Amino acid sequence: MSSKIKVDTIENVAGSGNVSLGSGHNLVVPGDLTVDTSTLKVDSSNNRVGIGIASPTHPLSVNGQIKSTGSNGETVQLQTSSQYTGISFIGSDGTRDAIIDYDHTGGVMGIKAHTSAHRISMTTGGYTERLGISADGYVTKPNQPYFAAHMTGNSVYQSRSANHVFDFNTAIYNVGSHFDTSNHRFVAPVDGKYLFTVSFITNDSTPTARITFYVNGASQVNSLQFGISGSNTGGGGATGTSAIIQLSASDYVDVRSQAGTSQFYEDNHSSFTGILLA
Amino acid sequence: MAEIKVTVSDTQVKCLEYAAYSVQDWCDNAIHNRARIAQEDIIAKLVTHCNANSIALAVGTEAQVAQAFELKVVDTAKNTSDAAQTQEEE
């Protein structure tokens, strides 16, 4: 049985309030559906739904912010039958500026600054950049622990016995402030591999000093003496060494002579540097 | 002066003795160094705040750290964490 009732407006019998379908009855709308002009629009001829937009251009068009909530950790899931699944970021001029996508065939997660002059920036602690990739592909890590220190105050060749911590009391660069100029130690902020270099002008008449990097006050780590190096003779000679050292957070490194007496020029002729590699 | 007590097992002491020439020195350095970095951070924030608001900066690091807390330029990590937690729960 079928029947039709043609009306312009359906109202609640009281003149105001809700109009409800009885329990177990469904509302079937074969044509367009418009709620509050553009709050919800169903375009039946193009099979599109608009939220906040009267003329949806995609299967789901939203004019406004989207917030997904729920108890499941995956609040949004993206699935396609093609090679790539992703999100595009379109500028007001319609330009596709950036893409985050996943290549299901190649197994590659991509973060792409699509426009040629754009760059990628990753931040923590608010909006402070920690990792940047320039448009030319230069990778920078502005907060990467790094220091370059030298000595000031003595300005002459100093005779130092073994185990003396060399007095690198002035930091020219000290990213993250992990080098302590008061005790001349670099303290690792995180577990990682760190590169250290040290160089001295030396005036050893008898080259007995053997400079090395001390880790946590010890000249040896697992029987390895990092960067141990002898010193040259004669005024104006140079000695230096370097090492890549695996450190745990809060481990510290300083420079000492493992044995013998040193005769180094303790001024800005001598330098101690370090950087977190990985 | 405050004293911070850390209890470790004999095994942990042996492990630390393997890692450091002096366990006490390593512990002291870790604490003092973290405090030094925090102090630099606090004073930097205080200087920025005082410059922006035409406030006279206290003299000396101890006074500056105290001033930063008094002016609420910084707060304890516990307070900020607890406040954030409360905000999220509301």
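Colleague: What volume does the largest pocket have, and which residues are the closest to its centre?
Modeller: Keep in mind that this is a predicted model. The largest pocket is lined by 29 residues, and those closest to its centre are Gly176(A), Arg34(B), Ile37(B), Ala38(B) and Asp41(B). Its volume comes to about 760 Å³.

Colleague: Which element gives the largest share of that lining?
Modeller: Elements that give two or more residues to the lining of the largest pocket are strand S9 (128-133) of chain A, along with helix H2 (23-53) and helix H4 (77-89) of chain B. The largest share is nine residues, and it comes from H2(B).

Colleague: Nice! How do the residues lining the second largest pocket divide into nonpolar, polar and charged?
Modeller: That pocket has a volume of about 640 Å³. Of its 18 lining residues, Ile4(B), Gln24(B), Cys27(B), Asp28(B) and Ile31(B) are the closest to the centre. The lining divides into 13 nonpolar, two polar and three charged residues.

Colleague: On to the surface: is Tyr102(A) buried, exposed or partly exposed?
Modeller: Tyr102(A) sits in strand S6 of chain A and belongs to a nonpolar surface patch of about 740 Å², whose members include Phe89(A) and Met109(A). Strands S5 (84-90), S6 (96-103) and S7 (108-113) of chain A each give two or more residues to that patch. Buried means under 20% relative accessible area and exposed means over 50%. The value for Tyr102(A) is 33%, so Tyr102(A) is partly exposed.

Terms used: Residues numbered from 1 in each chain as written. Chains lettered and ligands numbered in written order. Predicted model: local features only at pLDDT ≥ 70, side-chain atom pairs only at ≥ 80, totals over all residues. Heavy atoms only, no water. Patch = residues over 30% accessible without salt bridge, like charges linked within 9 Å, V, L, I, M, F, W, Y side chains within 5 Å. Areas by Shrake-Rupley, 256 points an atom, 1.4 Å probe, with all protein chains shown as cover. Salt bridge = Lys/Arg side-chain N within 4 Å of Asp/Glu carboxyl O. Helix = DSSP H or I, 4+ residues; strand = E, 2+ residues; numbered from the N terminus. Buried < 20%, exposed > 50% of the residue type's maximum accessible area, 1.4 Å probe, protein only. 1 Å grid on protein atoms, 1.4 Å probe; cavity = no way out; pocket = protein on both sides within 12 Å on 5 of 7 lines; lining within 4 Å. Points joined across faces, edges and corners; volume = space filled by probe spheres on them. Nonpolar A, V, L, I, M, F, W, Y, C, P; charged D, E, K, R; others polar.
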